[in-house]
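Colleague: Before I use this model, I would like to go through some of its labels and what stands behind them.

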Amino acid sequence: MGGNGIARAVFVDAPGEDRERVGPTLPGSWGELQLQDRDGALIGRFDLEDWLPESPALPKRSVRGEQLLSRTGVSHLLQAAGIPLHVVRDRDDPLVAPGGSGAALGPGNDFPYWYWGVRAVAGAAWFAAFTAVLFSGTTAPWLILVLAATAAVAPVARLLLRAWTRVRLRRYAPTVRERVRPSPAPGLGATVRFCRDTELRVQDRDLVLRDLGGQEYWFPLTGAHAVTSLVRVRDRAGSELGVELRGPAEQVRAVLPWDLWFGGETGADGWARLRRAAGLTVSERRLTGKAIWPKGPVLGLRMLPVSGSEARRRSRFPGTIAGVSSTAVMAIGSVFSVVQGLRITDEHPGAALTAVLLGAVGLALQGVPYAVHQLRGRLRLDRPVPQRTTPRKVAV
């Protein structure tokens, strides 16, 4: 702050336009916060929903204005830093500074830049070689080797990305006070994968909800926007429906359906450990009249996939923004390497064998991880949890 530092913040409380692409449309932002210097030049900007844990489960712009600023902690941060805040409702407002990609302060890309760089260079080289081979009809062995080598780079890079991601996750070791995993009641269709990978993690400063796909939703335990209480909800007959995770002003931030999390044999123990470790205020409420629970979309309600195929889709390694198209292009590239290698078998047997092997390796690197993921899911992880015959413990 001061000098050429941040002099003001401008909250653009207006929806951004959706962006078209190959595959699903990229949704526009719910609202943007700009950090500007005293001349109104942009220093940094970020979309508010990126800092709201429950945003993926909510309809677009269902939280806005002061409530959005409060839930994300932005208003308290700006107040503590002494940065004046201006709110505008139109992206054409004079207070809104034109932005550049370098000013983005969001969480960043899913994949590292080295991966995109390798894919871009290899893709450009492959396309040039592919064009030359396809339209000139040449069988020059060096060109076919270039074609095969660059086609193999993409699946190799993705394999390295998987290894790089696994290493980073193993190094990630936050201080955890307690881990609570679901204890589902019988008959809900809970699977081995769901019970193994879904968890509620109590850390020193955060409460973290993790789904079976590895996505984590972090709620602070400290600060003005921290979660403040756990509310056990019962229906009109007194049966447990679930637990609400609430923040300031009794805002419901997430829910834990009781039958999924605490309805099984170890559910009472999990509920007790959660209360003890979180250190939040615990209360109860009972529905009355025609009230339904929960009211409207909320994070945590659909943690259990409805089928094994959905579970395998949600838990597989993330794809690029091109989706299935990226995998299809890689597969076509590998097949083309094999075909071109077979074309020059008589004239250049060494180059032909190399091209065929590179194509086969590329196909294997794409097919084997997919096959392993599907087989593990079908044979073990997406099967129902074995039921025990011991009596259920009653939560107190």
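Modeller: Start with Arg-253, which touches Leu-52, Pro-53, Glu-54, Arg-71, Phe-219, His-225, Val-227, Leu-245, Arg-246, Gly-247, Val-298 and Leu-299, leaving aside residues up to four places away in sequence. Contact here means heavy atoms within 4.5 Å. The model is predicted: local features need pLDDT of at least 70, side-chain atom pairs pLDDT 80 or more, while totals for chains, interfaces and linings use all residues. Residues are numbered from 1 along each chain as its sequence is written, and side-chain values use heavy atoms, without hydrogens and water.

Colleague: Why is Arg-253 called buried?

Modeller: Buried means under 20% relative accessible area, exposed over 50%, partly exposed in between (1.4 Å probe, protein chains only). Arg-253 has 1%, so it is buried.

Colleague: What makes helix 3 roughly antiparallel to helix 4?

Modeller: Helix 3 (residues 113–136) and helix 4 (residues 141–171) pack at an angle of about 160 degrees, their axes 8 Å apart. Angles under 35 degrees count as roughly parallel, over 145 as roughly antiparallel, 65 to 115 as roughly perpendicular and the rest as oblique. Helix 3 is therefore roughly antiparallel to helix 4.

Colleague: Which residue classes make up the contact of helix 3 with helix 4?

Modeller: The contact has 20 nonpolar, one polar and two charged residues. Ala, Val, Leu, Ile, Met, Phe, Trp, Tyr, Cys and Pro count as nonpolar, Asp, Glu, Lys and Arg as charged, and the others, Gly among them, as polar.

Colleague: How much of residues 113–136 is helix?

Modeller: That span is 100% helix and 0% strand, with its end C-alpha atoms 34 Å apart.

Conventions
Axes fitted to C-alpha atoms, helices over the stretch in contact; angles between N-to-C directions. Helix = DSSP H or I, 4+ residues; strand = E, 2+ residues; numbered from the N terminus.
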